[in-house]
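Work through the exercises below with the sequence and the model side by side, and try each task before you read its solution.

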Amino acid sequence: MVEYMPARHKAELQDHLEALGVEQGDTLFVHSSFKSLGPVAGGAGTVVDALQAAIGPEGLLLMPSFHLVQREDRARLWDHASTPSTVGWLTEYFRRMPDTHRSDHYSHSVAARGPGADEFVAGHLSQEGPPSSWDHPPWGRTYGIHSPMNRAYRRGGKLLMLGVDYETSTYVHFVEVLYWDHLRRTEPRAPQPRLDRPRLGAWWDDHGAPARGLVGDSPSRLFPIDAYVDTLLAEVVAAPGRYQR
């Protein structure tokens, strides 16, 4: 016998987000598994509506719209306006919504919606900031000073993980880039490090005290991006080799 599961509605999802710690005016970066939420009346649109209601009219909603096909094909197949996001149905739905703006990066673009969203994602062609192995001219620095992920970090944004584990945490790549920049000050030819995202995530769960709870049926985490990045970077610098893949 199949157990009936009632569909979630916007108000319930909004209540769950607010109980987790999402607040009016937040800059909120969302990693997500849409199916983890369970049945949702109205589908992905209802989830976006709940997220936007929780951050309010002054909040900025961000989602990855990454193009993570075969690495050698990413630049060749990239089209800023039409290339779909490959990191989940919710991100692709969000990318295609009216008034959503997307940064121009062949592999690690970010979509944004809210006041100033167009300006927030407009700098991803800049060559300012630390380099990474994902940089590919003519596109800018993947995690550079004017990239959306760096801007969300410097703005004091929050990271919401809806039903996903730390293997999806792209901000660990940001930590890798900052750590590489640190290493190259004394070892200019040091290779870019590759960090163990699940292991770092387990350490963060124990030491960073992220807020945890259910959004719909989705086990979720919420925490400040700057604290996450700064704390993980300090841990990796203090324990070189412990978190290498």
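**Aromatic pairs and a buried strand**

Tyrosine 171 and phenylalanine 174 both lie in helix α7, 3 residues apart, which is about one turn of the helix; helices (H or I, at least four residues) and strands (E, at least two) are DSSP runs, numbered from the N terminus. This is a predicted model, in which local features need pLDDT of at least 70 and side-chain atom pairs count only at pLDDT 80 or more, while totals for chains, interfaces and linings use all residues. Residues are numbered from 1 along each chain as its sequence is written, and side-chain values use heavy atoms, with hydrogens and water left out.

**Exercise 1.** Classify the ring pair of tyrosine 171 and phenylalanine 174, and then the ring pair of tyrosine 143 and phenylalanine 174.

*Solution.* Begin with the rule: rings of Phe, Tyr and Trp (its six-membered ring) pair if their centres lie within 6.5 Å, and planes under 30 degrees apart count as stacked, over 60 as edge-to-face and the rest as tilted. By this rule the model has 11 aromatic pairs. For tyrosine 143 and phenylalanine 174 the centres are 6.0 Å apart and the planes stand at 25°, so this pair is stacked. Tyrosine 143 belongs to the loop between α5 (117-120) and α6 (148-155), whereas phenylalanine 174 belongs to helix α7 (residues 171-184), so the pair ties together parts that are 31 residues apart in sequence. Tyrosine 171 and phenylalanine 174 are also 6.0 Å apart from centre to centre, but with 70° between the planes their pair is edge-to-face. Finally, ring pairs link Phe29, Trp134, Tyr143, Tyr153, Tyr171 and Phe174 into a cluster.

**Exercise 2.** Is strand β1 (residues 27-32) mostly covered or mostly open, and how many of its residues are buried?

*Solution.* Buried means under 20% relative accessible area, exposed over 50%, and partly exposed in between (1.4 Å probe, protein chains only). Strand β1 is mostly covered, since 6 of its 6 residues are buried. Thr27, Phe29 and His31 point one way from β1, while Leu28, Val30 and Ser32 point the other way.

**Exercise 3.** Which strands are joined to β1 by bridges?

*Solution.* Two strands pair if DSSP finds at least two bridges between them. Strand β2 (residues 60-64) runs parallel to β1 and is joined to it by 3 bridges, with threonine 27 standing opposite leucine 60 in β2. Strand β5 (residues 158-162) also runs parallel to β1, and 5 bridges join these two; in β5, leucine 159 is the bridge partner of phenylalanine 29.
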